[in-house]
Amino acid sequence: MFLENYELPTPPDRRNASKISDAIQQLGGDIIKHDVAREILEQIEDMHLTMRRAKRRVGMLLYGHPGVGKSTLVEAYAEHFPRQEEAERTRVPVLYVKTPGQPTAKALTEKSLIELGDPCADKGGAEQKMKRLLTLTEKCGVEMVILDDIQHLCDNLNQRDRNIAADTIKNWMDETSIPFVFAGTPTSRDFFLEYKQLGRRVSPKIELPAFGFTTDALQRSFMQLLVAFNERLPFGKTSALVHEDNPERIFLACEGLIGYLVRLIEEATAIALRSKAGELTTKVLGKAFEIAIYPEAAPSRNPFSEKFNGQPLRGPGEPFADML
């Protein structure tokens with residue numbers, strides 16, 4: 001029933017290994033085909049373009065469980081505004097920074113300076129680094145800052161260091177009056193609720209959900225994603241990705257999280273292309289699941305096994321226990 005409204009293209013030449021490799025590497029980019037993801041990108045764009053004309057302190061938080069595609073989404077936006085080498089400067093319209101694992105104010109400022117190309121990013125104290133960051137933010141023509149993995153602020157710092165880091169970000173926003181986009185896990189939402197002075201500057205706070213499978217509409221949306229992935233790969237209509245019995249199995253194998261879905265498809269593609277038959281089958285998906293997602297899985301906990309008991313993989317020690 002899933003394939004009745006979809007026409008798949010003729011499979012590409014399986015011998016063209018470089019094109020297949022490129023296709024596998026680009027699988028995660030299909031997150032932007034998801035309706036919710038497109039709406040969020042539009043909101044980021046609206047905030048960016050509006051603030052170009054009328055500068056004021058404003059921020060947005062994008063949060064969700066690991067694997068929903070937050071980083072893919074914000075990285076995709078930043079890539080639309082690449083750095084530009086000009087006569088007297090490197091212009092950085094959108095500054096994208098991965099928050100360090102131990103994001104003290106000094107470490108966060110230093111990482112941002114590195115991304116702006118400061119050759120002396122590791123020199124000086126916190127106050128000196130902040131002055132250089134404010135100077136370079138203006139000099140490089142930064143129009144928007146994206147801080148990814150912002151959950152490290154609340155997960156990996158003590159309260160004193162969290163206070164200092166929050167004040168540093170608030171001051172950066174206040175002094176530059178450019179929009180900030182923050183991306184992180186659900187705990188990052190708690191951080192902005194705790195630090196109200198910063199939290200007031202960050203609205204809206206938007207959740208990027210995992211894909212669902214409880215309604216016909218959600219099932220169609222998930223199937224459309226599988227079809228989009230399959231179009232990049234050399235298997236066509238014979239692919240188990242789009243076999244009518246498999247979408248629910250695939251959903252259970254990744255819990256609707258696109259990061260896990262990409263991991264599963266990458267591994268399955270590699271296994272299929274190494275096999276004599278060169279086909280992506282349900283058996284291949286089962287092997288890929290055991291390698292890429294749940295190596296300890298018993299047959300009763302592998303969605304592609306005939307012995308699978310049908311229960312979500314949310315038990316203690318299972319891949320999606322934190323999704324409860």
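Guide: Start with confidence, since this is a predicted model. Among the elements, helix α1 (residues 17–25) has the lowest mean pLDDT, 56. Strand β4 (residues 94–98) has the highest, 97.

Visitor: What does the pLDDT look like over residues 1–12?

Guide: Over that stretch the pLDDT is below 50. Beyond near neighbours in sequence, residues 1–12 have 25 contacts in the model. The protein as a whole averages a pLDDT of 86, and 87% of the residues score at least 70.

Visitor: Why are α12 and α13 called oblique to each other?

Guide: The axes of α12 (residues 258–274) and α13 (residues 282–292) cross at roughly 120°. Roughly perpendicular ends at 115 degrees, and roughly antiparallel begins over 145. The angle falls between those limits, so the pair is oblique. The axes come within 8 Å, and the crossing is right-handed.

Visitor: What makes the contact between α12 and α13?

Guide: From α12 come R263, L264, E267, A268, I271 and A272. From α13 come V284, L285, K287, A288, F289, I291 and A292. By class, that is 10 nonpolar, three charged and no polar residues.

Visitor: How do you know whether Y77 is buried or exposed?

Guide: Y77 has a relative accessible area of 5%. Buried means under 20%, so Y77 counts as buried. Y77 lies in helix α3 (residues 70–79).

Visitor: Which residues are in contact with Y77, leaving aside neighbours within four places in sequence?

Guide: They are L41, I44, E45, H48, V94, M144 and I146. Take E45: it is 32 residues from Y77 along the chain, and their C-alpha atoms are separated by 8.3 Å.

How values were computed: Residues are numbered from 1 along each chain as its sequence is written. This is a predicted model: local features need pLDDT of at least 70, side-chain atom pairs count only at pLDDT 80 or more; totals for chains, interfaces and linings use all residues. Side-chain values use heavy atoms; hydrogens and water are left out. Axes are lines fitted to C-alpha atoms, for helices over the stretch in contact, and angles run from 0 to 180 degrees between N-to-C directions. Helices (H or I, at least four residues) and strands (E, at least two) are DSSP runs, numbered from the N terminus. Angles under 35 degrees count as roughly parallel, over 145 as roughly antiparallel, 65 to 115 as roughly perpendicular and the rest as oblique. A crossing is left-handed if the near helix is turned anticlockwise from the far one by less than a right angle, and right-handed if clockwise. Contact means heavy atoms within 4.5 Å. Ala, Val, Leu, Ile, Met, Phe, Trp, Tyr, Cys and Pro count as nonpolar, Asp, Glu, Lys and Arg as charged, and the others, Gly among them, as polar. pLDDT is the predictor's confidence in each residue, from 0 to 100. Buried means under 20% relative accessible area, exposed over 50%, partly exposed in between (1.4 Å probe, protein chains only).
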